[in-house]
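Subject: A structure for you to explore

Hi there,

Here is the structure I promised to pass on.

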Amino acid sequence: MQTLQKILFNSIKNNKTKNAIWVNNKYYTYKRINELSENFKKIFSNNKSDSVCILSEKNIHCYAAILATILDGRVYVPLNPKFPVEKNKQILNFSESKILLVESKFIKQAKLIVGKDNKKKIFIVILDKNIESNNLKKNPFKITTSKSICYLLYTSGSTGKPKGVPINNMNLVNYLKNVSEKYRAGTKDKFSHNFDLTFDLSIHDIFFCWMSGSCLYVTPKKHLLNPGYFIRKHNLTMWFSVPSLGLNMLKMKQLKKKAFPSLKQTLFCGEALPQVLVKNWQKAAPNSKIDNLYGPTETTIAILSYRWNQKKSEKECVNEIVPIGTPFKKQKANFIIDKSLKKNTQPIGELCLSGKQIFEGYLKNKKDSNSKLFKDKDKKIWFKTGDLVKKNSLGNYIYLGRVDRQIKVRGFRVEVQEVENFLRKIIKSNYSAVVGWPLIENSNYSYSGMVAFILNETKMKNNTILENLKKKLPLYSMPHTIIRLKKFPLNSNGKIDYKKLLSIMKNET
């Protein structure tokens with residue numbers, strides 16, 4: 001079977017003189033980025049660590065290090081400079097990586113992540129330092145198999161501990177084959193790259209682009225919120241983003257008629273997709289096909305897709321949200337019917353997915369693995385997504401919300417229970433609640449922020465509480481406001497009534 005390692009070796013061999021990436025105002029060919037990756041491979045080739053953690057912003061050294069990690073047969077584990085030190089430390093420890101590649105400006109943070117006890121155990125390499133590797137001996141790379149792990153990402157957990165999601169070659173190669181057949185990228189294509197490296201959608205950008213011999217265009221920070229100029233300047237052909245970025249472009253009046261004629265394929269993923277965005281995007285990119293992708297991290301980037309049809313799709317939208325469609329080739333979908341959620345006799349239930357894109361379980365976490373994975377009577381493994389869906393008459397799945405209270409904040413998946421758990425520990429009280437607020441314009445399920453509720457009697461000041469939360473949570477998981485209540489509204493079961501809390505927010509607004 002093909003592996004990501006083989007795919008990239010072949011692409012580099014066949015596309016040496018073509019541009020592989022544009023980053024920080026400079027192009028780098030496949031030959032050049034491979035030469036840079038060779039330096040890293042030589043430096044850590046004597047270290048037996050299976051995985052490599054990378055702490056860096058997006059620059060050529062970072063991408064060369066990612067390439068080196070895969071070509072050397074190791075596991076790519078991205079850390080995020082925006083994450084709290086404690087979260088990055090947990091990821092480093094859980095991954096058992098003995099190699100940390102770090103951009104020089106984050107070296108202080110890296111030392112805190114490693115800690116005094118592990119200084120001698122962890123091999124720290126400064127990414128953007130001039131590396132003299134000519135005299136270093138290069139050991140043979142490890143040849144990977146279908147079961148070899150390609151990358152390891154961490155999702156939030158209700159306990160506050162990150163859950164490791166290992167994706168192997170079988171998972172990723174099947175995904176890449178599916179998107180390659182669907183979207184037919186080639187050496188003349190230009191891919192957008194908007195996502196943080198700890199967001200699994202970034203994996204699509206990098207490896208689908210490089211397997212196709214295309215060029216990856218890393219969106220500069222100054223254009224991240226309003227990338228319209230960037231699309232036009234470079235005549236991008238392949239666009240991929242969360243819907244909230246598109247909605248922001250709509251709000252900033254960037255989706256003008258025929259604004260992006262160069263785009264031939266647009267992909268949205270990560271949140272419920274409002275039809276108002278698609279309709280306006282189609283006007284701005286009249287030559288582009290638009291697909292709504294769906295897939296939790298555990299199912300390898302995306303596993304369902306829906307192609308927008310200007311004449312028919314509007315009738316399929318529910319609550320003005322675009323369907324998530326049907327499974328990729330050789331992947332399967334079904335749902336566990338919840339009889340209490342039936343509406344007008346149409347079955348509704350939790351979406352479950354099966355196929356070669358499904359991961360094999362969380363890293364060293366049998367409890368969560370057993371709760372999310374199950375076998376059917378034919379011994380096929382299924383993954384419970386936690387998302388509520390129904391199926392329309394055309395066979396397309398419609399997203400209806402979350403089974404649990406997990407929400408999307410600016411495209412990032414947030415476990416509300418995790419935030420509440422940290423909040424309770426800080427204020428030393430069992431009474432706290434967090435809700436998404438406000439809703440992103442034209443969206444029913446995604447939020448631009450969160451609000452926390454605590455009791456009036458809490459002695460700690462709001463600013464102090466928020467400062468303590470910053471040490472534990474990434475910025476997108478931070479409540480932007482704390483509201484104090486005399487008492488919490490409770491429902492008939494004695495549980496916090498979150499609907500009433502949302503009513504309080506509407507009144508506050």
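Two notes before the details. This is a predicted model, in which local features need pLDDT of at least 70 and side-chain atom pairs count only at pLDDT 80 or more, while totals for chains, interfaces and linings use all residues. Residues are numbered from 1 along each chain as its sequence is written, and side-chain values use heavy atoms, with hydrogens and water left out.

**The overall picture**

The protein has 15 helices and 26 strands. Both are DSSP runs numbered from the N terminus: helices are H or I with at least four residues, strands are E with at least two. Along its principal axes, the C-alpha trace spans about 70 × 60 × 50 Å. The radius of gyration is 23 Å, which agrees with the value near 23 Å that a compact globule of 509 residues would have. That radius is taken over C-alpha atoms, and the globule rule is 2.2 Å times the number of residues to the power 0.38.

Of the 509 residues, 58% count as buried. Buried means under 20% relative accessible area, exposed means over 50%, and partly exposed is in between (1.4 Å probe, protein chains only). If you look at contacts (heavy atoms within 4.5 Å) between residues at least 6 apart in sequence, 69% join residues at least 24 apart.

As for charge, there are 90 positive and 38 negative side chains, and the centres of the two sets lie 3 Å apart. Lys and Arg count as positive and Asp and Glu as negative, while His and the chain ends are not counted. Each charge is placed at NZ of Lys, CZ of Arg, CG of Asp or CD of Glu.

**Aromatic pairs**

Rings of Phe, Tyr and Trp (its six-membered ring) pair if their centres lie within 6.5 Å; planes under 30 degrees apart count as stacked, over 60 as edge-to-face and the rest as tilted. By this rule there are 19 aromatic pairs.

One of them joins F9 and F141: the ring centres are 5.1 Å apart and the planes meet at 40 degrees, so the pair is tilted. F9 sits in helix α1 (residues 4–14) and F141 in the loop between β6 (123–126) and β7 (149–155), so this pair ties together parts that are 132 residues apart in sequence. F9 is partly exposed at 28% relative accessible area, and F141 is partly exposed at 35%.

Another pair is W22 with Y217, which is stacked, with 6.3 Å from centre to centre and 20 degrees between the planes. W22 belongs to strand β1 (residues 19–23) and Y217 to strand β10 (residues 215–218), so parts that are 195 residues apart in sequence are tied together. W22 is buried at 5% relative accessible area, and Y217 is buried at 3%.

**Backbone details**

The peptide bond from W437 to P438 is cis, with omega near -10 degrees. P438 lies in the loop between β23 (432–436) and β24 (446–447).

Two lysines are worth a click. K258 has a positive phi of about 55 degrees although it is not a glycine; it lies in the loop between α9 (243–251) and β12 (265–268) and is exposed at 56% relative accessibility. K364 has a positive phi of about 50 degrees, and it is not a glycine either. You will find K364 in the loop between β17 (349–354) and α12 (366–372), exposed at 62%.

**Two residues in helices**

Which residues does M505 touch, not counting those up to four places away in sequence? They are W437, V451, F453 and I483. M505 lies in helix α15 (residues 498–508) and is buried, at 6% relative accessibility.

L112, in helix α5 (residues 107–114), is exposed at 54%. Leaving aside neighbours within four places in sequence, L112 is in contact with V85 and K89.

Enjoy exploring!
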